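Please read them with the sequence and the coordinates open beside you.

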2 protein chains.
Amino acid sequence: MPKLTIRDIAQLAGLSKSTVSLVLNNSPKVDPDTRDRVLEVMRSHNYTPSTAATALAKGRTPFIGMIVPGLTWHMVAAVNWGVASVIEQSPYEIILYTSTNEKDYSSLVERIRASGLSAGLLVVTHDQSLDPLEKLHRAGLPVALVNTLGTPSTLPSVQADNYEGTRTALRHLAELGHVRIACVQGLMAYECCQERYRGYLDGLAEAGIDPDPELTVEGSFHPPTIRERVTELLARRDRPTAIVAQNDNTAYAVMQAVIDCGLRVPQDVSVVGFDDIASSADTHPPLTTVRQPFPEMGKAAARLLLEAIDGATGDAGPVRMSTSLIVRESTARAAKKPYRRARPPAVGPDTTPRTWSGLGPNVSRNS
Amino acid sequence: MPKLTIRDIAQLAGLSKSTVSLVLNNSPKVDPDTRDRVLEVMRSHNYTPSTAATALAKGRTPFIGMIVPGLTWHMVAAVNWGVASVIEQSPYEIILYTSTNEKDYSSLVERIRASGLSAGLLVVTHDQSLDPLEKLHRAGLPVALVNTLGTPSTLPSVQADNYEGTRTALRHLAELGHVRIACVQGLMAYECCQERYRGYLDGLAEAGIDPDPELTVEGSFHPPTIRERVTELLARRDRPTAIVAQNDNTAYAVMQAVIDCGLRVPQDVSVVGFDDIASSADTHPPLTTVRQPFPEMGKAAARLLLEAIDGATGDAGPVRMSTSLIVRESTARAAKKPYRRARPPAVGPDTTPRTWSGLGPNVSRNS
DNA sequence: CTGAAAGCGCTTACAG
DNA sequence: CTGAAAGCGCTTACAG
């Protein structure tokens, strides 16, 4: 069956195309009775106007472009979900673009611009220059960012409150009696990591703890490197009783290091992460962490974009979304001194069968 | 600056719109020299034809609809990535639809049909009826499925080779000397789980092992229930030395249960999962599992759809993608008898501080 | 090989 | 309140 056109509907209703178009566009000028009649004809014939024709005639498009990093993160899926849930309620559809690397990225942005297909662009940023987007925005295309790394920008954007999130984690640890609290950084080139570090420092100060520079561990993308550094940290006589990691994946490496040293999480060392990616509920023990509200961030960015498209340009700087501390089992009261002795870690690749921990004879069993 | 139209280009090149249109559509009828001239004008003025106008004139659309389950799985992100990477190379763009529940789902499909926006539909299925899609397909819209649950269907689709995957896992365990091998099922209502179970049974048979019905554990979506059932299993005198779980999340619960019983993975019990979701590399110990090639599944489905749109209707039944066994640290040689004694698990909610394992005094430390 | 004309399915002033 | 007409930016026979 060939698709019906506005001409068919007009004919069936005994009216002109113009009138049908008016009811399509909710014009108040059309008589209520004829409107109902037209609506009924459309409904009964399952009519939907052609998107292409409408777009051409109106000179605008019902699409929102969405660029996501070409990575298989939990984060991307979670943000997507949030974005989809609000766009769904709007007259727009989402066109999905994936950008894998920096090079493709600026040509992708150019392609999007040139196509003129998108009424606005929602970008889940990653480690990329924001210049192409700023240019696009200045050229008049509405843009909104889910700014995952806190990259400075004048574009409308949403990001987690990295500073407050970390402060909350510090407060939690202080309440548990921890005083020697270490921080394993992420990549300090990113603003979000700088903000989290400020949160660490200020959280310490609020708890009346003098920061010990020795307790700050430089981050790495390479988990074995993190493990190595944390192992060194734990070998100190005055080792920390708690470690805040600047993201969950780092926290995993930290937990590994604790085990490698023959210590226990959380009895000997409490560990806190940041992000709350899906797997953090399934680590052993489940990770206490600062949750980034990814779906809400997606929703907020989508709303921002929709507003910008509607011309409500409230350029109020980045929206900061509150994080929440998810207390699971990787944090506990600070151990009283004397500390359990850390075991010198094995040297070189570990070829002996891996034990789950290095518990000694005097370990209390919970049975 | 107002967007250039084909008329502008024609004028700039001193030609008619018709000719410009012909070069736009790669017609061989146009003189090579004039073609080059037109191309140059377009390039230098950064011209791109209006998608809406083209779609309207040609009567077809450059969009592929993609329905993904409204879930924040690793899987969805991984499949997306694969789909995007092949669609990117085609003239199509992806319109992203998210379906959260069954009810929305069929109305979503209807909306997609009515809009006529999509030249084809790529669906990442979940727990849903395939009827609306079959109908759509019969009505002439190309459809391709990433069939995550192996739901029977005549639609072009791709799915993991669940049967072979599990057989491979069994072979791995048999080679490690395991004989008492248990299976913790998923939800047997799903075909994929039935296929995996057949793989388990046949894998057992090929290793010359008689299946023991007592070693089949019914699945559950509720991890605590799984833990409970596995705890019972491990309390048996003739407990298994290896457990295959029908998916990674189940494997996590199984590993927990092993620890709850005071046993070790993999020294006392080897554990194998299925899926290889991202977190499985980070469990403790890292999980040996059967990897579903999600990105490749996405790519294959995208190719299938593109072919169907081009009219190459090779209705050859579902494409089965090979899995691969990822051997990590949750599997090891079968322990020799006598077995280490399982500890009776604590009753009721575990309020004592969680230890990492229940290792006794005679545990070898690897230092 | 190139151009004039009609048409794709809508919208939007403009008359009435 | 309704209709006739022109136009959105392309494509596609049809002439030449």
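1. Helices, of at least four residues, and strands, of at least two, are taken here as DSSP runs and numbered from the N terminus. Counted in this way, the secondary structure of chain A comes to 12 helices and 12 strands. Please keep in mind throughout that this is a predicted model.

2. On confidence, the mean pLDDT of chain A is 88, and 89% of its residues reach a score of at least 70. The stretch to treat with caution is residues 347-367 of chain A, where the pLDDT is below 50, although in the model this stretch has 37 contacts beyond near neighbours in sequence.

3. Where contacts in chain A join residues at least 6 apart in sequence, 72% of them are between residues at least 24 apart.

4. DNA strand C is surrounded by 26 residues, and the closest of these are I6(A), S21(A) and A57(A) from one chain and S18(B) and D31(B) from the other. The elements that contribute two or more residues to this surface are helix 2 and helix 4 of chain A, together with helix 2 and helix 4 of chain B. By class, the surface near DNA strand C divides into 11 nonpolar, 10 polar and five charged residues.

5. DNA strand D has 26 residues around it, of which S18(A), D31(A), I6(B), S21(B) and A57(B) come nearest. Two or more residues of the surface near DNA strand D are given by each of helix 2 (17-24) and helix 4 (51-58) of chain A, and by helix 2 (17-24) and helix 4 (51-58) of chain B. The surface near DNA strand D is made up of 11 nonpolar, 10 polar and five charged residues.

6. How do helix 2 and helix 3 of chain A cross? Their axes come within 10 Å and cross at roughly 90°, helix 3 of chain A being residues 32-44. Since angles of 65 to 115 degrees count as roughly perpendicular, helix 2 of chain A is roughly perpendicular to helix 3 of chain A. The contact is made by T19(A), V20(A) and V23(A) on the side of helix 2 of chain A, and by T34(A), R35(A), V38(A) and L39(A) on the side of helix 3 of chain A. By class, this contact has four nonpolar, two polar and one charged residues.

7. Some backbone geometry deserves a second look, given that most residues other than glycine have a negative phi, and most peptide bonds are trans. N46(A), in the loop between helix 3 and helix 4 of chain A, has a positive phi near 60° without being a glycine. N46(A) counts as exposed because it has 12 C-beta neighbours inside 10 Å, and 12 or fewer is the cut-off for that class. D275(B) also has a positive phi, of about 130°, and is not a glycine; this residue is found in strand 9 of chain B.

8. In chain A, the bond from V265(A) to P266(A) is cis, with omega near 5°, and P266(A) lies in the loop between helix 11 (248-260) and strand 9 (270-275) of chain A. In chain B, H284(B) and P285(B) are joined by a cis peptide bond with omega of about 0°, and P285(B) is found in the loop between strand 9 (270-275) and strand 10 (288-291) of chain B.

9. Leaving aside neighbours within four places in sequence, Q292(A) is in contact with A160(A), D275(A), D276(A) and T323(A). The C-alpha atoms of Q292(A) and D275(A) are 5.0 Å apart, while the two residues are 17 residues apart along the chain.

10. L176(B) is found in the loop between helix 8 (162-175) and strand 6 (181-184) of chain B, and is partly exposed, with 16 other C-beta atoms within 10 Å. Not counting residues up to four places away in sequence, L176(B) touches S270(B), T331(B), A332(B), R333(B) and A334(B). Between L176(B) and T331(B), 155 residues apart along the chain, the C-alpha atoms are separated by 8.4 Å.

Methods. Residues numbered from 1 in each chain as written. Chains lettered and ligands numbered in written order. Predicted model: local features only at pLDDT ≥ 70, side-chain atom pairs only at ≥ 80, totals over all residues. pLDDT = per-residue confidence, 0-100. Contact = placed C-beta atoms within 7 Å. Near = placed C-beta within 6 Å. Nonpolar A, V, L, I, M, F, W, Y, C, P; charged D, E, K, R; others polar. Axes fitted to C-alpha atoms, helices over the stretch in contact; angles between N-to-C directions. Parallel < 35°, antiparallel > 145°, perpendicular 65-115°, else oblique. Buried ≥ 20, exposed ≤ 12 C-beta atoms within 10 Å, placed from the backbone.
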